[in-house]
Amino acid sequence: MRKYYRNKWAIMLFALPALLLYTLIVIYPVLQSMYRSFFDWDGLGEGTFNGLDNYIRLFNDPLLMTSLKNGALFALVLVVFQLGLGTIMALVIADPRLRGRKVLKTGYFIPVVLSVTVVCQLWIAIYDPTNGLINKLFQVLGIPYQQNWLSSPTVSIIAIAFVNAWQYMGYQFSLLYAGVKSIPEQYMEAATIDGCTKWGAHRRITIPMMVETYKFCLIIAVTSGISAFVQMLIMTNGGPGTTNYTLTFMIYRYAFGEFEYGYACAVAVVLVAISLLVTAIINRVFRQEKVTH
Amino acid sequence: MKGKGFKALMLATVLLLSTSLAACGSAGNTGSTTKDGDTPAGQNDKIKLKIYAAYFDDDTKKPYDYAVEELKKEMPNVELDLEPSMQDDGQKLRTYAASGNLPDIFPTDYRTIKAFAQSKNIEMLDNAAPTAAFKNDLNPGNETNMIAPDGHIYSYPFAGIEFQILYYNKKLFEEAGVKAPIKTYDEWKDAIQKFKAKGILPLSIFSKEKWIGNAFYKGLLTREEPNGYSVLDKATELPEAFKLAAQQFNDLKDAGLFDANATNTNYDQASSLFYTGKAAMFLNGQWEIYSSDKNLGDDVDWMYWPAKDEATYEATKFNMNGMGQPGGFSVSPTSKNKETAIEVAAFLARKYAEYKYTQLGNPIVAVKIDKPVAVTPPKMMQRLIDETLPNIKSFMKMTEEIKINSAFEDNTQNLIVKGFTDKNFVDNMERVMKEVNK
Amino acid sequence: MLLRQKSGSILMQGVLWIYFLVSVYPLFWMVSYSLKNNDEIFVTNPFGLPLNFRYENYINAWSQFSIPNYFLNSVVVSTVSTIGILFLAVMFAYTIARMQWKLRSAARVYILIGMFIPLQVIMIPLAILVKDFNLVNTYGALIIPYIAFGLPFSSLVFYGFMVSIPIELEESACMDGASIYRTFFQIIVPIVKPAIATIAIFQFLGAWNEFLLAYILISDEAMKTLPLGLLFFQGEYSTDWGGMGAVMTMASIPMVVVFLFFSEQVERALTVGSAVKG
């Protein structure tokens, strides 16, 4: 069997096309950007080497703190909403006794199918303080709380993160659902016979067996939170001021607005480094989890 | 058996590659054949120029079409291949420059000129054939639109120096008992209370775009400091005039001048509030005269910027809230027909101005036009022509520092939001100024 | 006890259906939006049915640009990139999930990096690459980057599926003397079918809705994809939101149909998949 899996020709044939294409189109430009992060460069001319200046400046840039904080909040909202709600829904809908599950499942995926622009425009309307649905709903229910959802410096980032979380819930849901479905029925049956309730069985059997799926979903949720961008661009344009900035928004601004491509590259390096770090941490945590089980 | 699976795999790979390559190949071929087809052997004297220009609505299509018609008469041997440009913060043009794909003629603003000049992606036009005549024909004061701060010329401007004014709804003013025009800051605050009492939004502003909050700030600032941001070059602290403007801005906000959702209001929403009588005032450039005339007719007029007292108001009335910036049509230094491209760029810039002047009755253009105006301009424009243009005292001067300007855009937008004070504004601005001018 | 469970489940069902409505509402909203004018969209009637149906938004969109042409380009680009991604990613995932080679886990981390790369920062180097390969204004300018950018996510999803497949299946195939290629195509690929169907949907959607690369790399009218049609409605000052809505609707409805079709397949594949595993 080991020899079987060591077939050099097969490995090359299977891995090389993907690796070559990926290296050329993704990694090569990334390396170039990394190299350029040590330059004072406008993205057009020659540029001058300036060592670590870009990084020193970056760590003193108040926008970095704003961006990191927003990225963390964004990621948190995604994890709580998508993984939390996604899990519950995946478990419930995986139950074959539920009526209409096919329709439900399809419905949950609809926002994913629509483009970000459509979804953001919808939520801009929903969040509108005077004509929007949420403030109106609060009024109708007699809740004396009204909010400028998208212009409040504190609330807006969460409001926007929620839009992303809501739109791509179906995405995570379908990954989780596939995870639940791939657990053989016998395990659940065995657990129920042992006297567990349905939810108890899920807690003890299903969820622990989905470690790989969870790990992957978590990585996706956290890293897409850290690098979030489009929703801010469409919904608030990063404002008011720079309150809704994220790392990617910084990159966008410095690369295209301010002609500081070298500096933008430094931000990108930090973004990739943080993403890798977070992934490593998640991997580590899950490995320990596995051992304890 | 081993062979079979392998063959299937290979076959599939080949198929995939060939389909994608065929797709690329055929696309490439069609591209080149049409090009060949367009220039048959006999017509080699036809010069084809690629132009990247705004072309997406009446405001941008009509002047272009007009200019192209004129070009056909003047230079029949030139054919323009248009790629419509979009409002994208210059992303596409920059990518073109970086990858050596610049079209022969493209529109530029100051930011682009600054970066492109440094990297030699823009032709310097100081000694180009049409430059001397163009410069000679500039409307007085419009040199700032042509000559960059480094003393060189990189573009042929078509727009004149535009400025922002306050539009107001006469009927709403009357109904609320507000005397128009508002001349002082105290009258302004008083007016806000009156409008609010009637459930009318005092001023609608499309602050989802950052520049308009900046324009509001500049309107206040120019009452005290007509030169505007240029006085900040090399400074690390905000002068008093800037602080006062920030304080007035903040007080007006706290008094309720803006809508709570102002920073998420786009142009369509803000203008609709004004045109449907839900807002009493509206801020935009003088170009808004046309649509406000169309929408509100006799009910709308514009006013000068209020100041701290009536004496200042009268003294600074004609210090315009606008500034010249180099920009217009520029030419790529790598253009194969550079001489022609330069001629065409200058020609188009003139014709754009001619269109605005003759067809819209808009005198705010870069060059003098000797053709008659073909339309009667709207009343508000006529007032501007008679009362203001001959008396203009000053325009602002820009700061060369792009970063300071960005910081103003960010922080004036912040000022519109409740809770962000003029003190925050001053702190943020001075931090950036210290960084830039250290 | 039984009663409580029952009422609990009814409550649950209610919640599920409410969330369903919230998920499907955007479709209704989008179609309504596409039949309104700016005033209705922003002020008078943002959420309901249009007061009078402005079909002219569609006529307008139709006259602005060649919709069939854009549509065809989108179909070609999305289909070819999806096939390319699936093909390369499944094979690659197998080598990192099963095959034994020195750089195996390094390769996995290496491909993972691609998930974190913000497009904005590599836009300029990428544009230069595309130009150097003479791909500007061809399908290749989009297809090749789409495939490359789709690989990390897809490979890792496949990887996740493959590591959880019991190894016994391959062992017995090996005993029977099947080649690695045969094992791969006849045993592994059928098992990961649900994942293939899921990824196919994800990637097709991604390519179909992709805007930034298409905008930067394509300027030839004949090569443009549907999302670029949105640009025709952005004016210098004012934007025709209803017209944009019409384009978005025309771009999205086919996707919804394709998705409905595929989700059926996924469901079926999932059932088959779990049967094989159990």
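Guide: The discussion below turns to terms and their cut-offs.

Guide: This is a predicted model, in which local features need pLDDT of at least 70 and side-chain atom pairs count only at pLDDT 80 or more, while totals for chains, interfaces and linings use all residues. Residues are numbered from 1 along each chain as its sequence is written, chains are lettered from A, and side-chain values use heavy atoms, without hydrogens and water.

Visitor: Why is K215(A) called buried?

Guide: Buried means under 20% relative accessible area, exposed over 50%, and partly exposed in between (1.4 Å probe, protein chains only). K215(A) has a relative accessible area of 16%, and therefore counts as buried.

Visitor: What does K215(A) touch?

Guide: Contact means heavy atoms within 4.5 Å. Leaving aside residues up to four places away in sequence, K215(A) touches I282(A), N283(A) and F286(A). K215(A) and F286(A) are 71 residues apart in sequence, with 7.0 Å from C-alpha to C-alpha.

Visitor: Why does L137(A) count as partly exposed?

Guide: The relative accessibility of L137(A) is 48%, so the residue is classed as partly exposed.

Visitor: What makes β5 and β7 of chain B edge strands?

Guide: Strands are DSSP runs of E with at least two residues, helices are runs of H or I with at least four, and both are numbered from the N terminus. Two strands pair if DSSP finds at least two bridges between them. In chain B, an open sheet of 4 strands has the order β5-β6-β4-β7, with mixed pairing. Strands β5 (201-204) and β7 (300-303) of chain B each pair on one side only.

Visitor: How many bridges join β4 and β7 of chain B?

Guide: Strand β4 (residues 164-169) of chain B pairs with β7(B) over 4 bridges, in the antiparallel sense. Y167(B) has W302(B) in β7(B) as its bridge partner.
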